[in-house]
Amino acid sequence: MWIKHKRIWSWIAVITLIASGFAGTSRASAAKNLPALGTHAQAAALIDVTSGRLLYSSHGDDELRIASLTKIMTAIVAIEHGKLDSEVKVSKNAFGKEGSSIYLKLGEEMTLENMLYGLMLRSGNDAATAIAEHVGGSVEGFVYLMNEKARMLGLSHSHFMNPHGLDEEGHYSSANDLAKLTAYALHNPVFKEIVKTPTKKVPNPNESWDYKWDNKNKMLRLYEGADGVKTGYTKKAFRCLVSSATRNGQQLVAVTLNDGDDWNDHGRMLDYGFEYYPLKQLTEKGESVQGQDLVVSQTFQYPFADGEEAQVNKKLVLYPEAEEGAPDLRFGLRGKIEVSLKGEKIGEIPVYRKGSVLPERTASGTAAEQTMAPVHKSNWGQWFSVVLKHLLQPGA
């Protein structure tokens, strides 16, 4: 039962970290005395992956066509719902799909994992369709999963009509939503490994030679520390790009929609984030809470502009003690530390009784040593009741 408990809290930490961290970012990102940052994009956003803090946004909520940036959602949904070693068969619908392709043959079979490389490195629309049919049972079934994921992550300016991103009415997202989605996806080690891969060789069942896919994302070669994510283009969406980079243990994601100078703009955006919003550590997992028989359950890191760290306030909130003799259904959980910046809450860190087994943190990819602040919604009771319901099911 304890194993299930840890796994549940790991995923709650990822989702609520990004959702809560992102919700209050527009005010927090408007730090004073910073140089102006501009792009050639119709819409742009810059986000810190660990905290979910939006560092820059221009027309970030505008609902726009996003071309193959769609495949970020396609990939993470497929990874979470599919089996990586399962064989994906290319249907007539997937074979010869218009637009960018990895040139799959009708009836060809390939593992889901390998097809995801073709999806993200070469932007194969045939791969996107085959993956959708395999994981969702049909393209329509998979699109339902995409929109459910968007709803769960709070992507209120996104709606998906297909898994590949070809122009279609009702298919759109925003720069802010794509930043939030990508920050979430980059906590998944499989996703993170795929999007940082420069070149991938995959067995070809029809020929004597292997497939060899070079990543279309030039940022991997142009920018020091670049490690993802996805390019996109259609005649109506124009040039779209999501890039990520990691320096000094901090990972950032930049998003531009309809940007004719995206490579250079992304370099400037990432430079801006690393220079003016370095990641700082406020607490370390396992450290004692002053004056209490308690320890913090997670390391808390957050990107601060110059002078902001001095404006942080930490408040300890304790939960009512269980009745004497009653079982400890909170597994040592005794409260939380609410962390605020300039009066605005930026996170919550659960605190446990000393000697408790602390929940495992969730880490990913090349940033495996990064720790995440487990920011929980203020409605703690609702989350806790969900966990208890799962744990107390028969056979749990």
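Trainee: Which residues does Met120 touch, not counting those up to four places away in sequence?
Mentor: This is a predicted model, and in it Met120 touches Lys71, Ile72, Ala75, Phe191, Ile194, Val195, Asn215, Val229 and Lys230.

Trainee: OK, and which residues have the most contacts inside the largest nonpolar core?
Mentor: Met120 is one of them, along with Met73, Met115, Leu116, Phe191 and Leu257. That core has 65 residues. There's also a second, separate core of 21 residues, and Leu220, Leu241, Leu252 and Phe274 are among its members.

Trainee: Why would nonpolar side chains end up together like that?
Mentor: In soluble globular proteins they tend to be buried together.

Trainee: What does β8 pair with on the β7 side, and how?
Mentor: β7, residues 226–234, pairs with β8 in the antiparallel sense over 8 bridges. Thr231 has Leu241 of β8 as its bridge partner, and a hairpin of 3 residues joins the two strands.

Trainee: And how many bridges join β8 to β9?
Mentor: 8 bridges, again antiparallel, with β9 spanning residues 250–257. Thr246 is bridged to Gln251 in β9. The β8–β9 hairpin has 2 residues between the strands, and Asn248 in the turn has a positive phi of about 50°.

Trainee: Zooming out, how much of the chain counts as buried?
Mentor: 56% of the 396 residues. The chain exposes about 17,300 Å², with carbon and sulfur atoms supplying 49% of that.

Trainee: How many helices and strands?
Mentor: 11 helices and 15 strands.

Methods: Residues numbered from 1 in each chain as written. Predicted model: local features only at pLDDT ≥ 70, side-chain atom pairs only at ≥ 80, totals over all residues. Heavy atoms only, no water. Core = buried A, V, L, I, M, F, W, Y, C linked by side-chain atoms within 4.5 Å. Buried < 20%, exposed > 50% of the residue type's maximum accessible area, 1.4 Å probe, protein only. Contact = heavy atoms within 4.5 Å. Helix = DSSP H or I, 4+ residues; strand = E, 2+ residues; numbered from the N terminus. Areas by Shrake-Rupley, 256 points an atom, 1.4 Å probe, with all protein chains shown as cover. Pairing = 2+ DSSP bridges.
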